[in-house]
Amino acid sequence: MRSVPLSPQRREDSLAAMAADELDILVIGGGVVGTGAALDAATRGLSVGLVEARDFASGTSSRSSKLMHGGLRYLEMLDFALVAEALKERGLMLDKIAPHLVQPVPFLYPLTHRGWERFYVGSGVALYDAMSRIAGTGDVPLHKHLTRRGARKLAPALRKDALVGALRYYDAQVDDARHTMFIARTAAAYGAHVANRARVVELLREGERVTGAVVHDLESDRRVTVRARQVLNATGVWTDDTQGLAGQARPFHVRASKGVHLVVPKDRIRSEVGMILRTEKSVLFVIPWGRHWIIGTTDTDWELDKAHPAASEADIDYLLEHVNAVLERPLTREDVEGVYAGLRPLLAGESDATSKLSREHAVSHPAPGLVVVAGGKYTTYRVMAKDAVDEAVHGLETHAGRRVPESVTEDVPLLGAEGWHALWNSRQLLAERSGIHEARIEGLLHRYGSLVHELIDMVAEDPSLAEPLTGAPDHLRVEIVYAASHEGARHVDDALTRRTRLSIETFDRGVGAVEEVADLMGGVLDWSDEQKAVEIEHYRARVDAERQSQQMPDDETADAARLGAPDMVPLS
């Protein structure tokens, strides 16, 4: 498949194309479900537009636990259908759709009671493995029972009195922000018109039918009218707000649940495997993440600012307290490199506890020409997207007499997936030919897959791009240039927070690299010195506001502190 860059010119062309001709489907929302819907519709041969108010994956889809998993705890809730569906999707990602971005990851489940718990948990994990095998995809290793000694050999960090034995099982993990961005790029490669920093400010109507939207291009401060036969609202926790533009009763209510994660260096927890720990409310994961661990998550109701949910001191203390309950060497606040908070879009139910609200999704057609999709979990994004496009297609067939093919995304690899296994086997040769160290080639392959050749070509033209970023040795300068030229990054925050993860993977939250990143991006995006200065100031203010919010005692004060740094507003 031909790679299509999400370049500045491509963005301009996409907005112009959306304004020029009536689309079959306009998708609102550039998270994983919205980009998935754009890809699903484009691969059915439909004309598609995708608009995102901020950056791809800037909401929930960059702030997850970064797992592609069936969800062991849903087995305990007897939600077998959800687990089976998620395990099938996990397998598709591992085998076919995104093997460069999704990899198996081992977990330890410590047991704290003798006898009955090993049978109870073992039965659940055995069922989990069996359901994975029945799905026929994703050949990850089967679980294994361990003694206490065997468990502590894998995870010496565990206190001896914290377990009597354990089970080791496998799931999969994903860089959620890059995965979502790759879906958007793949949709563009199949013909979708894609634009970030393009906010829908009005839904167009003719009588009761929704016929398109007015889009505010935040980069140029102009408004574009986009006509579409079907509009698909995939805005996650903003679903109710977007529905308000339609001036009608909402088909369902979406509640936001805040999940906070901590990032600590790998050497702070001595373990070869991740861990899943029971808490009084849910479960806590300790997840391997390159040279780091991700610890999370919390699960609390959130009714404040949705764009920048804030982690409070109480959230951080909660996570440290629960993980320290099993560690020989307790973690302190000084061990925390990064903190991030995200909002889960949950379909509201009868329970006041967000952990008991539905993780299944719903699709509705509340008005002619308007489809809404909400709920679900990251792993099942492709199914959600398919169901939403199916509903939009029903509207096309009913209203316009169109005959539209069925979804084919089960068989559509993302950009970068082609030849992944062969490339991985050839990584030593790639290193020799490119002059880039093999360890760095491995990192690039996991971030770009077969598109690594595009970065290698850029390095061949400018060898200085093979140098590591200042203060961020895990990333090369070429990755920042590529983010701006090919991956739709419009601002420094996009590059440091989502194209790379320097905002959570360095103790300075990426501040040490911000000036170099602004220079590299500015060369691609034609920034003036004044614009570079604004970008640098904005990012530093954002980091300061986040640090302040994480010292506040509760949600209200944390939210107020975080809002001290506004969203980026480009120079006119």
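Visitor: Hey, D40 and R44: buried or exposed?
Guide: Both D40 and R44 are buried. Buried is under 20% relative accessible area, exposed is over 50%, and partly exposed is in between, using a 1.4 Å probe and protein chains only.

Visitor: What should I know about the model itself?
Guide: It's a predicted model, where local features need pLDDT of at least 70 and side-chain atom pairs count only at pLDDT 80 or more, while totals for chains, interfaces and linings use all residues. Residues are numbered from 1 along each chain as its sequence is written, and side-chain values use heavy atoms, with hydrogens and water left out.

Visitor: Back to R44. Which residues does R44 form a salt bridge with?
Guide: D40 is one partner, with the closest N and O atoms 2.6 Å apart. D390 is another, at 2.7 Å, N to O. A salt bridge here is a side-chain nitrogen of Lys or Arg within 4 Å of a carboxyl oxygen of Asp or Glu.

Visitor: How many salt bridges does the structure hold?
Guide: The structure holds 48. One of them joins E22 and R229, with the closest N and O atoms 3.5 Å apart. E22 sits in the loop between α1 (8–20) and β1 (23–28) and R229 in strand β10 (residues 222–233), so that pair ties parts 207 residues apart in sequence.

Visitor: New topic. At what angle do α12 and α13 pack?
Guide: Helix α12 (residues 427–434) and helix α13 (residues 438–448) pack at about 115°, with their axes 9 Å apart. Axes are lines fitted to C-alpha atoms, for helices over the stretch in contact, and angles run from 0 to 180 degrees between N-to-C directions.

Visitor: And where is S549 found?
Guide: S549 is in helix α19 (residues 529–549). S549 is buried, at 2% relative accessible area. Leaving aside neighbours within four places in sequence, S549 is in contact (heavy atoms within 4.5 Å) with residues including A310, E313 and R562.

Methods:
Helix = DSSP H or I, 4+ residues; strand = E, 2+ residues; numbered from the N terminus.
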